[in-house]
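Thanks for coming, everyone. I've got a structure to walk you through, so let me put it up on the screen.

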Amino acid sequence: MHPARAAAPQVIIDPGGAPPKVLQSITEAVGAITRLVEDQDVREVSRLRRRAWDAVQAALRTQGYFAAQVDLDVTPGAPDGGEYWDITIDPGERARVRQLGLSFNGALNTPPYADRRQALRDSWLLKPPMPFINDDWSTAKADLLDAVNQRDFYFARLHPTQAIVDPQTARADLSVTVDSGPPVRFGELRVIGLKRVPESLIRRYVRYQPGDPYDQGLLENWQQSLQSTTFFRGAFVTLADADAVSPQAVAGHAPVTLPIQVQVTEAPARYASASLGADSDHGVRVEGLYRQNVIWDLPVWIETGAGVDTKRQRAFFDVHLPPSVDDYRDSFGLLYDHSDIEGQETSRAALGWKRFQQRKAAGDSRVEYETALGLLVAYDKNRIDGGGRYEVPTWAATWQWLRRDVDAKYDPREGNLVEFGVGLGTTLDDGRPFYRASLRAQQWWPIGEWDVLTLRGEVGKVWSRTDRLPQDFSWRTGGSRSIRGYRYQSIGLQRGDAVVGAPVLGVVSLEYTHYFTEMLGGNVFMDAGDAAPSFGQFDWHLGYGLGLAVRTPAGPFNVDVAWAQKDRRLRLQFSMGIAF
């Protein structure tokens, strides 16, 4: 005969003034015990009561309550046949840090590092008279060790650490000793795993002089830079031979030199990809890309590709050079581009050069900066329905600056982005100049746990002494990524039977998104803007509606139903893409 099984108890907790975070910790600890009751026979319940009492005491101690009084009273007669557990808590006084003894051994405790020691003391997390919370104690020690290990002192460790708590006075005395060991210097560079890629490419990224102080941040930056290139599938940059250093050297003050080891796995020499997409602006879109690494044993790579949709066809061939000493990425190439949009047909053949740089802000900031400088020589042929044809050879120089401060680069929920651009050029046949300036900004605000509010805006202006402008030096707008509800690039200047680019642009959009799950969200939005001869002739085009956003493994899928106030019609607009 099997012994009777117990029902889970009904738990009532009187926190007695304990803060909400402490109550949450207690509730989680007791909940873990009560879930075990259903798996036990009734003879084991008394043991689990004791475990629940112990769990409450332990939860209180981790939050700084070392003299708490806990009573657990049991009353039978719960509706399901179980018990009532009435837990009453008198948390008492929360322990606070009374004094901190932070000391240093090793080379860090020498005069050259006096400022470093002071900075470590200033940044210590758990100072008097803060509450002594176990998680804060662990975090403070880990942050201190990381700060010492990050530069100069690869062998640093904490030894010893101690926290003495007096429950009667609710005071905690902390003692932490950092043994830094010797300063570490960068030694020779060792590279493992190269087959086709020349070692000179590694040295373009990993730049230092033997004898430079060890810096973990540099190792991580070099590793990230190598992993981001097309040449490698994986890269690891570490210090080598640390295990071979003698205990006597680790205990001393004399500098220790360790080699830098770069271990890489090369990417395939050739790479091809294709993608299929569809949206309401362009219809079905097919794109293909071919890349080849290392040309004539040089650390350069080429990319060539083509893309076709119902409104635009393009093909390109680019040559990418390795990064410069200042981490500039240069490329040059050829382009052919044909488009037929809103009655304006344009064919372009061009030769261009581009210099790109991406860098992070100082310290642990998440801010990133991107700059791009380009030169382009192009020959455009234009046909305007009902407005004739013209051809124009041009040269143009452009510069763009972008600042990104977001929590996630490709799916931000909080932060902002600002982009500023300028350009200038002339027609090559009659020397007529033209200029351009633009500003784009976007801000994300998280609302609650799931929702996000997004505000974006864009403004641009062109100055010229010719009406034969290249297409990228004028503005058209409208479509699923600008002013929803209107046809793609249908807002601009009317010329003949076509819509052509205008000298000024202004667009603003406000959108609120609520995610029902991690994949599925719904939004409401309002877009407004115009592309006009001047800001004084602005005629606002308003679009607003509802949308659906789906995050899929193949990429984002967006569907919007928008009302175009000027056109007095409702449009369904969508976009999706699949890579293969």
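Before that, some ground rules. This is a predicted model, so local features need pLDDT of at least 70 and side-chain atom pairs count only at pLDDT 80 or more, while totals for chains, interfaces and linings use all residues. Residues are numbered from 1 along each chain as its sequence is written, and side-chain values use heavy atoms, with hydrogens and water left out.

Okay, salt bridges. By that I mean a side-chain nitrogen of Lys or Arg within 4 Å of a carboxyl oxygen of Asp or Glu. How many salt bridges does that rule give? The count is 37.

Have a look at Arg 190. Its side chain meets that of Asp 241 in a salt bridge at 2.8 Å, N to O. Asp 241 sits in the loop between strand E8 (232–239) and helix H7 (247–251), and Arg 190 in strand E7 (residues 184–192), so this pair ties together parts that are 51 residues apart in sequence. Those helix and strand names are DSSP runs numbered from the N terminus: H or I of at least four residues for helices, E of at least two for strands. Arg 190 also forms a salt bridge with Glu 188, at 3.4 Å, N to O.

Are these residues buried or exposed? I call a residue buried under 20% relative accessible area, exposed over 50%, and partly exposed in between, using a 1.4 Å probe and protein chains only. Arg 190 is partly exposed at 29%, Asp 241 is partly exposed at 38%, and Glu 188 is partly exposed at 48%.

Now go to Glu 370 and Arg 404, whose side chains form a salt bridge at 3.2 Å, N to O. Glu 370 is in strand E16 (residues 368–384) and Arg 404 in strand E17 (residues 388–406), so the pair ties together parts 34 residues apart in sequence. Here Glu 370 is buried at 15%, and Arg 404 is buried at 10%. There's a network of salt bridges as well, linking Arg 456, Arg 484, Glu 511, Asp 527 and Asp 560.

On to the sheet. Three strands make an open sheet with mixed pairing, in the order E1-E3-E2; two strands pair if DSSP finds at least two bridges between them. Strand E1 (10–14) and strand E2 (69–76) are at the edges with a single partner strand each, so one side of each has no neighbour in the sheet. E1 pairs with strand E3 (residues 83–90) in the parallel sense, over 5 bridges. Ile 13, for example, has Ile 87 in E3 as its bridge partner.

Next, helix H6. Which residues of H6 are buried? They are Gly 217, Leu 219, Trp 222 and Leu 226. At the start of H6, a side-chain oxygen of Asp 215 comes within 2.8 Å of the backbone nitrogen of Gly 217.

The Pro 128 to Pro 129 peptide bond is cis, with omega near 0°, and so is the one from His 159 to Pro 160, with omega near -10°. Pro 160 is in strand E5 (residues 157–166). Then Glu 342 isn't a glycine, yet has a positive phi, near 50°. Glu 342 is in the loop between strand E14 (329–341) and strand E15 (344–360). Gln 489 has a positive phi too, about 55°, and is buried at 17%.

Conventions. A polar contact is a pair of N or O atoms within 3.5 Å; within protein, one must be able to donate a hydrogen and the other to accept it, and residues adjacent in sequence count only if both atoms are side-chain atoms.
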